Amino acid sequence: MTKETDSIRKKSAVQIRNKKASFEYFFVETFMAGIVLTGTEIKSIRLGKASLVDSFCYINNGELWVKGMNISPYFYGSFSNHEAKRDRKLLLTKREIRKLQEATKQVGFTIVPTLVFIDPHGRAKVDIALVRGKKEYDKRQTLKEKEDRRQMDRAIKRY
């Protein structure tokens with residue numbers, strides 16, 4: 001990630017994170033992708049009514065799709081409201097899709113959405129990551145490091 005894209009993510013008022021992903025996986029590489037949405041879906045995302053729990057990405061016919069992403073129906077929507085858990089197309093370049101496709105052919109690698117945010121132009125963007133699964137002992141190590149960081153922060157705050 002560059003400094004520009006990182007500052008765009010931080011400035012966004014809407015940041016929907018997949019907190020479980022960093023616990024379950026090692027991040028190998030991250031990408032920022034656009035997402036194809038309908039009118040009521042973008043309105044729900046702007047209200048923060050979306051979830052990335054148990055979602056993943058797959059490649060079908062040279063296109064990248066996200067499955068299991070829940071965007072709640074828009075409260076003020078009418079009969080044209082959207083489905084909450086439909087597959088949504090992600091927009092990446094062909095080179096990036098080919099790179100991801102080759103990487104996911106290897107055993108243990110998958111693609112997971114990590115963050116949904118709104119860019120300065122008002123468009124929804126998704127951060128996806130090429131990830132490798134953690135073993136049980138890796139998860140315990142991650143929890144231990146997190147607890148150590150908390151203790152150090154508390155000690156610094158006291159003195």
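This is a predicted model: local features need pLDDT of at least 70, side-chain atom pairs count only at pLDDT 80 or more; totals for chains, interfaces and linings use all residues.
Colleague: What volume does the largest pocket have?

Modeller: Residues are numbered from 1 along each chain as its sequence is written, and side-chain values use heavy atoms, without hydrogens and water. A pocket is an open set of points on a 1 Å grid over the protein atoms alone, where a 1.4 Å probe fits, with protein on both sides within 12 Å along at least five of seven lines. Volume is the space filled by probe spheres set on the points, joined across faces, edges and corners, and for the largest pocket it is about 260 Å³.

Colleague: Which residues lie nearest the centre of the largest pocket?

Modeller: Lining residues have an atom within 4 Å of a point. The largest pocket has 15 of them. Nearest its centre lie Arg-17, Phe-27, Thr-114, Leu-115 and Asp-127.

Colleague: How many residues of that lining are charged?

Modeller: Asp, Glu, Lys and Arg count as charged; Ala, Val, Leu, Ile, Met, Phe, Trp, Tyr, Cys and Pro as nonpolar; the others, Gly among them, as polar. The lining has 4 nonpolar and 5 polar residues, and the charged ones number 6.

Colleague: Is Asp-54 buried or exposed?

Modeller: Asp-54 sits in the loop between strands S3 (50-51) and S4 (56-60); strands are DSSP runs (E, at least two residues), numbered from the N terminus. Its phi is positive, near 60 degrees. Buried means under 20% relative accessible area, exposed over 50%, partly exposed in between (1.4 Å probe, protein chains only). Asp-54 has 60% relative accessibility, so it counts as exposed.

Key
Helices (H or I, at least four residues) and strands (E, at least two) are DSSP runs, numbered from the N terminus.
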